[in-house]
Amino acid sequence: MHSLRPSVLLAAIFAHYGLVRAQCPAVWTDVAADLKTTFLDSSGNCNDDARAAIRLAFHDCFPGSCDGSIILADECTDRGENTQLVDICSTLGDKATQFSVGTADLIQFAAAFGIASCPGLPAISVKVGRVDSSTANPTGQMPLPTDNATTIVAAFAAKGFTATELVALVGAHSAAKDLNGNALDSTVDDLDTNFYTETADGTAPTSLNSDISLSNSTATSADWNTFGADASAWADAFLPAMEKLSLLGNDEASLTDCSSIITEAFA
């Protein structure tokens, strides 16, 4: 009797018990192609839509759940904290309808695509299959740019994030701009660690008060300085923290991995 190769044996076991992994729906390849034209400027650099998409993922998830309610329940237009996101909410809402995909999934897919569009970090994993909701998440959950480190650390702890994960996630501000369109570091087209060093030493084009507080607080300054000095350390902390954020309020086991779509789009 011939023995089965391990890969064949595993496939047989998975099939017998109904454990075959679902494949990413082909429509996401079309979504990726569309987002590539939306998120890159004529020079191939990430643009303000890509930056907004990264931020939108946080604003959808952090108040309660990654459920698309920031678009579907009009949180984008009804809440002052989302003023800068109205355009990207409209853009992604239209694309969800155009491609017949979930709004919650598209928000997280677009954020992962935005991260890939702004060079500097490895691609993050992205999964689809969330349930959309038109019920608004609770108000008063989002940290403010005027908050101090103590308040922000407490807000993230309440959502299950450590201070290290918080500081890693804030590094996305490397490719961000303030409400007046001013970059938060000197290399706004890249996701790099200049944001950490320039915020800490006061050389950034502009800085949020919340970021300045995090850079010098005893609770967060050690991680801040570590990430500023070591891009690999930041990447190693940012990727799992961002992936954790994208799953808030969702059962990861019920989702389908579409990460390869993004890596293939930038291959």
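What follows is a set of questions and answers on helices, loops and contacts in a predicted model.

User: Before we start, which pLDDT do local features need here?

Analyst: Residues are numbered from 1 along each chain as its sequence is written, and side-chain values use heavy atoms, with hydrogens and water left out. This is a predicted model, where totals for chains, interfaces and linings use all residues, side-chain atom pairs count only at pLDDT 80 or more, and local features need pLDDT of at least 70.

User: How far does α3 reach from its first C-alpha to its last?

Analyst: The expected span of a helix is 1.5 Å times one less than its number of residues. For α3, residues 48-61, that expectation is 20 Å, and the helix comes close to it, reaching 20 Å.

User: Which residue caps the N-terminal end of α3?

Analyst: Look for a polar contact, a pair of N or O atoms within 3.5 Å; within protein, one must be able to donate a hydrogen and the other to accept it, and residues adjacent in sequence count only if both atoms are side-chain atoms. Here the backbone nitrogen of D49 has a side-chain oxygen 3.0 Å away, and that oxygen belongs to N47.

User: Are α3 and α6 roughly parallel or roughly perpendicular?

Analyst: Axes are lines fitted to C-alpha atoms, for helices over the stretch in contact, and angles run from 0 to 180 degrees between N-to-C directions. Under 35 degrees counts as roughly parallel, over 145 as roughly antiparallel, 65 to 115 as roughly perpendicular and the rest as oblique. The axes of α3 and α6 come within 9 Å and cross at roughly 85°. That makes the pair roughly perpendicular.

User: Which residues of α6 make the contact with α3?

Analyst: Contact means heavy atoms within 4.5 Å. By class, the residues where α3 meets α6 are six nonpolar, no polar and one charged; Ala, Val, Leu, Ile, Met, Phe, Trp, Tyr, Cys and Pro count as nonpolar, Asp, Glu, Lys and Arg as charged, and the others, Gly among them, as polar. From α3 come D49, A52, A53 and L56, and from α6 come I88, C89 and L92.

User: At what angle do α9 and α13 pack?

Analyst: Helix α9 covers residues 163-170 and α13 covers residues 231-245, with axes 8 Å apart. α9 is roughly perpendicular to α13, and the packing angle is about 95°.

User: Which residues in α9 meet α13?

Analyst: The contact of α9 with α13 has seven nonpolar, no polar and two charged residues. On the α13 side you'll find W234, A237, F238, A241, M242 and K244, and facing them in α9 are E165, A168 and L169.

User: Which helices do the buried residues of α13 pack against?

Analyst: Buried in α13 are W234, A235, A237, F238, L239, A241, M242 and L245. They pack against α3, α7, α9, α10 (194-201) and α12 (221-229).

User: Is S100 buried or exposed?

Analyst: S100 sits in the loop between α6 and α7 (103-117), and has a positive phi of about 55° without being a glycine. Its relative accessibility is 66%, so S100 counts as exposed.

User: What is the relative accessibility of D74?

Analyst: D74 is another non-glycine with a positive phi, about 60°, in the loop between α4 (69-72) and α5 (75-78). It counts as partly exposed, because its relative accessibility is 44%.

Methods
Helix = DSSP H or I, 4+ residues; strand = E, 2+ residues; numbered from the N terminus. Buried < 20%, exposed > 50% of the residue type's maximum accessible area, 1.4 Å probe, protein only.
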